[in-house]
Amino acid sequence: MVNNILWYTRVGDKVAEFLKGRKTCIKVKDKELCEINGREIKVNSSSDVMKIASTYNLPVSFLGSTDVLIGDLKLVTPTWVIGFRSKDYWRLGLDTAWLIAKFLVDNGIEKSVYIAYIGKGFEVRINERVLSGIDDSSKVSFSIVEYVLRKLKLKLQRIVYASHGRIYVKNGVVDRMLYAPLTLLSSSETVIYFKIDEVEEFDL
């Protein structure tokens with residue numbers, strides 16, 4: 001069992017670093033909240049994380065929007081969502097995430113690519129800072145994700161077919177809330193971020 005206060009005392013800095021500049025919501029027992037007492041949730045520091053986490057006895061998950069304000073720049077995190085409708089298919093889901101991440105690495109986007117395990121699936125993301133200097137990062141981010149999905153369409157279709165529809169892959173740029181690193185998913189499970197060269201070490 002994981003205690004909110006003890007856990008976020010350890011990882012609150014990393015959670016806050018991800019959420020700063022993003023619209024923030026929390027999830028408690030499958031209920032998503034973007035306001036507390038009529039006020040938007042804002043996280044700028046680990047103390048904000050602790051203040052929220054200490055309010056609940058149940059595990060609290062922290063999520064941030066794909067769009068983030070960094071200084072005067074509004075950037076968007078390119079995100080591919082790989083979901084599985086049964087955890088029996090998590091390994092195939094991981095292989096799918098690796099396929100997308102490998103395509104990105106092979107095409108020159110290496111250091112900025114990472115994979116997130118989010119409990120009911122994986123996300124492949126590109127750090128949004130690579131889009132700094134681009135006028136419409138929202139449009140570009142969406143287009144990058146769509147381009148990769150088109151290039152890998154046949155391979156992804158084979159995976160979906162092999163899983164009997166229990167694996168799905170989609171563009172996660174629009175209206176997507178992203179789990180912060182190391183945030184709690186349950187009393188015994190957390191979100192895990194890792195690089196493509198760490199895929200073989202990942203296990204459930």
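Glu189 is partly exposed, at a relative accessible area of 21%. Buried here means under 20% relative accessible area, exposed means over 50%, and partly exposed lies in between, with a 1.4 Å probe and protein chains only. Before I go on, a note on the model. It is predicted, so local features need pLDDT of at least 70 and side-chain atom pairs count only at pLDDT 80 or more, while totals for chains, interfaces and linings use all residues. Residues are numbered from 1 along each chain as its sequence is written, and side-chain values use heavy atoms, with hydrogens and water left out.

Back to Glu189. Which side chain does Glu189 meet in a salt bridge? Lys87, with N to O at 3.0 Å. Helices (H or I, at least four residues) and strands (E, at least two) are DSSP runs, numbered from the N terminus. Lys87 is partly exposed too, at 40%.

The structure holds five salt bridges. The rule is a side-chain nitrogen of Lys or Arg within 4 Å of a carboxyl oxygen of Asp or Glu.

Next pair: Asp106 with Lys102. Their closest N and O atoms are 2.9 Å apart. Both are in helix H3, four residues apart, so about one helical turn separates them. Asp106 is exposed, at 52%. Lys102 is partly exposed, at 30%.

Now a third one. Arg176 forms a salt bridge with Glu123, with 2.8 Å between the closest N and O atoms. Arg176 lies in the loop between strand S10 (167-171) and S11, and Glu123 in strand S9 (residues 121-126), so the pair ties together parts 53 residues apart in sequence. Is Glu123 buried or exposed? Buried, with a relative accessible area of 0%. There is also a network of salt bridges here: Glu123, Arg125 and Arg176 are linked in it.

The largest pocket has a volume of about 550 Å³. Of its 26 lining residues, the closest to the centre are Lys27, Ile118, Lys120, Tyr179 and Leu185. A pocket, on a 1 Å grid over the protein atoms alone, is an open set of points where a 1.4 Å probe fits, with protein on both sides within 12 Å along at least five of seven lines; lining residues have an atom within 4 Å of a point. Grid points are joined across faces, edges and corners, and the volume is the space filled by probe spheres set on the points.

Which element gives the largest share of that lining? S7, with three residues. By class, the lining has eleven nonpolar, five polar and ten charged residues. Nonpolar covers Ala, Val, Leu, Ile, Met, Phe, Trp, Tyr, Cys and Pro; charged covers Asp, Glu, Lys and Arg; the others, Gly among them, are polar.

The second largest pocket has a volume of about 410 Å³. It has 15 lining residues, and Glu17, Phe18, Arg22, Asn127 and Glu128 are the closest to its centre. Helix H1 (4-19) and S5 give two or more residues each to this lining.

Last, the disulfide. Cys25 and Cys34 form it, their sulfur atoms 1.9 Å apart; the cut-off is within 2.5 Å. The count is one. The torsion about the S-S bond is about 90 degrees, so the disulfide is right-handed. Cys25 is buried, at 0%, whereas Cys34 is partly exposed, at 24%.
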